[in-house]
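Hello,

Here is the structure I promised to pass on to you. Please open it alongside this message, and then read on for what turned up in it.

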Amino acid sequence: MTTPASLLDADVPRPVLDVIARLRELGHAAYLVGGCVRDSLRGVHPKDFDVATSALPEEVQRAFRKVIPTGIQHGTVTVLAGSTHVEVTTFRSEGDYHDGRRPSAVSFEKDIVKDLSRRDFTMNAMAWNPVGHELVDPFGGQEDLKARLVRCVGSAIERFSEDGLRPLRAVRFAAVLDFTLDPDTQAAIPATLPVFRKVAHERVREEFVKLLLSKRASFGLELLADTGLLDVFLPELARADAEAARLARTAAASAPADVEIRLAALLADLVEPQGAEEIGVRLKFPTKVIERVRLLVGLARLEAHVGDPDPSLRRLLAKAGLANIEALTAVARARVQARSPERLAEVEVLIGRLLALAASKPPLTSKDLALNGGAIMAALGVGPSPIVGEATRFLVEQVLDEPSLNAPEKLKELLGSWMKARGS
């Protein structure tokens, strides 16, 4: 098949070309496969370049001076070409899938078409020889790319039954690439949900995050709900009433493309902070991400603080932490734009006040006090004891009300008055 102009213009790294050329010099077939061919056809520079070959793993190892047997049992060898790592995998066919994730056996093949036939979607089932300018496209991947269509190779039921993650990948590709799902491909998803349920939550999270950060996040989330996938890993959204779900999707999609901000915008009006934490744990997010999303969900309703005096806003800053103010205001803005656009102007005024207060760097915590623990003990004439903690909290409350009080002598005066009031 003639190579399209977009492939001829693709910038394939020299080490990758050298690996393909070397394998072909030795009489082996060798192609670029998968996402790099898809992206090159779309005029997008690929993130990585995978090579498939008819050479057996041991033949690949003999062909190059430096190799790493990365997944040699599945036919994969990494060739070290200078500072570039080139992943080379032998053409293969696969046995039955028993766990919805991995084939029970792998057989090495000499035919590139057999190798491509095991792949998930037609746009990922093309092979390209950039040395001889040959494109192999046995399943219509080019046409589906032109039609902006995600379509399974062969039977969608079979492809989704083999690997339970594929239905989620189909929806993710549709959202990220601004494609639609082939009707037969979409129709096969509900029937294969039992296989999807077997997929590790870490793998689900990775695909979900890519979808959530895409430009068509709202479309992707709606498609997840329509196919039943969402109910498996995020029932809080899937089972919300239609309007609440729509508003949550809209808020998430309009927020900045940051995983913590979009996840918080999605969940803020669906769950309490504890619920947000449970979702984060379920999807195996890192602890820091879970903690930040929980915080943002808990404080997201900034519209409730319109008209609050400065001391109240400083207490809000103290709860959020200055490092989280930008994220918090982004979540609040996205929510209000989706739910109450008529209130956006007053919320923007509030955000301006918060940012101005934050820029003034007021004392918000005990660490910001002009007296440290030792100085507080000296002023009280006590050693380490619970009263020191009480006194510290008292001082923090005072400076939150009036930041100008945060000076050593003024704080000592406040402590003296506080002790007298306690009768100490």
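**The chain as a whole**

The protein chain has 24 helices and eleven strands. Its radius of gyration is 29 Å, well over the 22 Å that the globule rule gives for 424 residues, so the chain is more spread out than a compact globule. Please keep in mind as you look around that this is a predicted model.

What box do the C-alpha atoms fill? Taken along the principal axes, the box is roughly 95 × 50 × 40 Å.

Turning to burial and surface, 48% of the 424 residues count as buried. The accessible surface of the protein chain is about 19400 Å², and carbon and sulfur atoms account for 51% of that area.

Take the contacts between residues at least 6 apart in sequence: 66% of them join residues at least 24 apart.

As for charge, there are 55 positive and 57 negative side chains in the protein chain. The centres of these two sets lie 3 Å apart.

**A helix to look at: α2**

Helix α2 covers residues 14–25, which makes twelve residues. From its first C-alpha to its last it reaches 16 Å, close to the 16 Å expected at 1.5 Å a residue.

Which residues of α2 are buried? They include Pro15, Val16 and Leu17, and also Val19, Ile20 and Leu23. The buried residues of α2 pack against strands β1 (30–33), β2 (50–53), β4 (76–81), β5 (84–90) and β8, and against helix α4 (57–63). After α2 comes Gly27, with a positive phi near 95°.

His133 has a positive phi, near 55°, and is a residue other than glycine. You will find His133 in the loop between β8 (127–129) and β9 (134–136).

Arg148 is not a glycine either, yet its phi is positive at about 55°. Where does Arg148 sit? Its place is the loop between α6 (141–146) and β10 (149–150). With a relative accessible area of 39%, Arg148 is partly exposed.

Enjoy exploring, and do write back with any questions.

Best wishes

Terms used: Residues are numbered from 1 along each chain as its sequence is written. This is a predicted model: local features need pLDDT of at least 70, side-chain atom pairs count only at pLDDT 80 or more; totals for chains, interfaces and linings use all residues. Side-chain values use heavy atoms; hydrogens and water are left out. Helices (H or I, at least four residues) and strands (E, at least two) are DSSP runs, numbered from the N terminus. The radius of gyration is taken over C-alpha atoms; the globule rule is 2.2 Å times the number of residues to the power 0.38. Buried means under 20% relative accessible area, exposed over 50%, partly exposed in between (1.4 Å probe, protein chains only). Contact means heavy atoms within 4.5 Å. Accessible areas come from the Shrake-Rupley method with a 1.4 Å probe; for residues, only the protein chains shown count as cover. Lys and Arg count as positive and Asp and Glu as negative; His and the chain ends are not counted. The place of a charge is taken as NZ of Lys, CZ of Arg, CG of Asp or CD of Glu. The expected span of a helix is 1.5 Å times one less than its number of residues.
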